[in-house]
Amino acid sequence: MSDLILEFYSEEIPSRMQLKASRDLKVFFIDGLSSSGLKYNKIETFVTPRRLTLFIKNLSKSTPSYYEEKRGPRVGAPEKAIEGFIKSLNINKSSLYIQKEKKGEFYFYKSLHKGHSAKDIIIQITSDIIDRFPWQKSMRWGEGNLKWVRPLKFIYCSLFESNKKPQSVNFKLNEIVSVDYTMGHYLISDQKIFPKNIEDYKNKLFANKVILDRNERKTIIIKSYEDLLKTENSKVIYDDDLLEEIVGLVEWPVVLLGYIDEGFLSLPKEILQVTMKEHQKFLSVFNNKTKLIDKFIVVANMLADDGGKAILEGNSRVLRSRLNDAKFFFEKDMKIIKNKGLLSFKKKLKNVTFHNKIGSQFDRINKIEKLSSKIAHLISADTIKCQKAASLCKNDLVSQVVTEFPELQGTVGKIYADLDGTDIDISNAIAEHYLPVKHDDKVPLNPISVVVSISDKINTLICFWKIKEKPTGSKDPFGLRRCAIGLIRTLIENKLKLNIRKLIFDYLNIDELNDLFIFLEERFRVYLIERNYDHGVLDACLSYKDFNDPYLTFLKINTINNFKKDNNFKKLTYSYKRAINILNSEEKKNSIIFSKKPLSKLFEEKEEEILFKKITEVEKKVKRSLEKDDFYSALLSLSTFDNEIEKFFEKVTINVDNQDVKFNRLNLCNKVRQNMHLVAYFSYINV
Amino acid sequence: MKAVFVVNSFQEIIQLLSKYWSKQGCLILQPYDIEVGAGTFHPATTLKALGKKHWYAAYLQPSRRPTDGRYGDNPNRLQHFYQYQVILKPSPSNIQELFLKSLKAIGINFKNHDIRFVEDDWESPTLGAWGLGWEVWCDGMEVSQFTYFQQVGGIDCNPVPGELTYGLERIAMYILGIDNVMDLPFNDPNSLYPKKYGDVFYKSEREYSRWNFDIANHKILLNHFNDYENECNRILSQSDIDPQSGNAIIMVQPAYDYCIKASHVFNILDARGVISPTERQNFISRVRNLAKICAEAYIKSERN
């Protein structure tokens, strides 16, 4: 048994790719070791800006050798057969032996499969990693052909057995040669490090200013800023995304506290926060007493000779110039609001193009306003507030601050609306109508925000479908997929029933409309598949061609999904299958679709009569339930004619000579099918 | 620990960079004599990045970005500025170390500063070029762009050049502790006639800002753009053989001149506000096509 350290040492790996890389590295080894059969106890991986490290504990020295027994021809078989057997194995006849079995005596051969050494297996897996590690982006450098996320400088690979010298695993993959040492923090220490074991590797890295574990780096950062702020009556505004990004930028975090010049404290805190976060990666510090952001935390990657004085000075200066810009723009905006009012922004939107084939942002606002008042009416929200919010929602696009910091769109609109004394529901809607911005963002929940948000999204989709600018392949320059999924999520997560097809009907021609709904349906499907919904249930409900109301369809899918666990579901599928099986085969044979109404006068058996009566009864109930969007009751009703069906198939022969009677019976089966299809195409569901 | 020397002017930083990179074996070239948007457009980078030949070069390049003009009133933004450009092909394995030492050479002692390599992939849509790399931060200030070129003119770079671009005004402001670019000492403040950056450029910043935004004759410029495009195409559609001498002479660089001229005219038109967003895409792809045929011609000419 031995332990392994494998380290890929490179130039700076982009922060956002690090976590995934460490997980991928682990997966490569778990898969590689399991397919080779080499045993081990535990795999761990780590990542810093400069290295990707893997530990394996208690790795076997090799995979075991084993014999495989091969049976050849019977003793006494023709010489040719025996020769063939020997040839196929490339051996001499003398290596064969005879063994008695039930059926007689046979020639046998034992072939030896030699085990592979741990070293060979590790080299194989490492070579695989070099060839096809799934970096989001990779590159070549120098004169080589190797691809890695940034230039790979060396691979350190060593095996450790207790009380023995480290054994380096030697290999050369393209231009990369394995080495028996690693390096510390390259800006602080230039010594080569020769670890004696895993613990020693960690310790020596620490001594050379590298903290291997990103979680540990994070903890240190948090602990350090808490210590720094102990006497300040202030707290860091916790920002996990930013912290995660920072731990990917430093091997040795040094936390420094800086003060924001007083002249900037009057800036809205969102503007301060974004300026510091996006451009400088500073954490904002909130003063509990003054309720202002008046300090910042910067995490350096350097243990400076002067204790960080120059670093803090430099960072403060850069911040000052950034905030000067921000303040200049903010004050310019405030002057306009004060002199000409918030609405003066709207006129300027006439000069801002939304898309040159669609028109200006001003035109866009007008359309969003109209949609908002329609939708507000449909879902009984406050029409006047919705319309007002819609008319203000893109105003900030012409503000100086948003021109400079586009990521503040919405946020700035809200700040300005608040400063102008706008109703809080309306100003919230200005900020929230952009949601969800990122994949896992929240959707808006306040009714006014919801109305403006879905109006904006529906309008965007309509506009782009009209000019035939829809996403193709990986290209989606206008973010229409995100827009569609945002719309769908907002409707579903607000439990909002809204027939969007009816709503959009007036704006697009029928081809455009159908095309848009195929797209929306696809997005809807992706949204649910990501949440592990059953493909069959989705197909059953979506093959329906009436995807009009995302929340309603979602409700149906959910109900069927839950109903699948119900005992009644078996009854339902039993009936369905009986009907569909015979219909499928007869329809194929006769090349017709049975879709006529069954005629009572052609019934010969009472079971036909009973089934027909039952179906008619169920049909009424199902339709009534569906009118109330009560999918559960509809499903329950559909599970009630299993007895009648069973009796029908038991007593009634369908294949009779009289074609009218036969077809009438098949039409009766169709009635069962039709009823089921009122709710969903159950044939897609695996049961 | 005290710095061993004190840098005190903008021009000294340029001289120190040249001295340093000269010592590393780079050719010290001069700025290209045509208006360009960045040091990358110099043929010493764009063209030499292609093909098999090794190439170490460094040079100063005045760069123009008409849309960034602020009439000389913004402390950080200019429509005309200087870049210091280094191209090392193939990228040496110690390129980061060489870069850090260059910072030391201009007075940034990295033992006291926080140098960070922050992901920033570079792409020039007009040149059909892209690469992966970082922006380099010194105490939160972006001081350089560091790129491993992967493609130029749509052609793979092999060997791969490493490109370092220093934003000189910003670095100088940082080193000299100046908050407004116009206040940067251009020459030694103890000279007989000390001048600041503003003494040299404030007036021209105002003049160009006015011209770029409001006065430039877009009809003439549009014609120029078309003419440049035609000329670039025409040059490269000539036979490879020069009938005068009977030798193969592919006129890559004359054609490339017209490609960068077209690119610059496009930038002015853009600042002038006469290009709509979709037209913009179209202009960019027209310039990219020129860059592409120049790149292809360069590869062919190197093979001959």
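Biologist: Where is A:N58 found in chain A?

Modeller: A:N58 is found in strand β3 of chain A, residues 51–59. Keep in mind that this is a predicted model.

Biologist: Is A:N58 exposed, or only partly exposed?

Modeller: Read the relative accessible area against the cut-offs. Buried means under 20%, and exposed means over 50%. A:N58 has 33%, so A:N58 is partly exposed.

Biologist: Which value of phi does A:K468 have?

Modeller: A:K468 is not a glycine, yet its phi is positive, about 60°. A:K468 sits in a loop of chain A, between α15 (447–466) and α16 (480–493).

Biologist: What is the relative accessible area of A:K468?

Modeller: The relative accessible area of A:K468 is 61%, so A:K468 is exposed.

Biologist: Now chain B. Which peptide bond runs to B:P90, and is it cis or trans?

Modeller: Check omega. The bond from B:K89 to B:P90 has omega near 0°, and it is cis.

Biologist: Where is the place of B:P90?

Modeller: B:P90 lies in the loop between β3 (80–89) and α3 (95–105) of chain B.

Biologist: What is omega for the bond that joins B:N158 and B:P159?

Modeller: Omega is about 0° there, and the peptide bond joining B:N158 and B:P159 is cis.

Biologist: Which loop holds B:P159?

Modeller: B:P159 is in the chain B loop between β8 (155–156) and β9 (162–167).

Technical notes
Residues are numbered from 1 along each chain as its sequence is written. Chains are lettered from A and ligands numbered from 1 in the order in which they are written. This is a predicted model: local features need pLDDT of at least 70, side-chain atom pairs count only at pLDDT 80 or more; totals for chains, interfaces and linings use all residues. Side-chain values use heavy atoms; hydrogens and water are left out. Helices (H or I, at least four residues) and strands (E, at least two) are DSSP runs, numbered from the N terminus. Buried means under 20% relative accessible area, exposed over 50%, partly exposed in between (1.4 Å probe, protein chains only).
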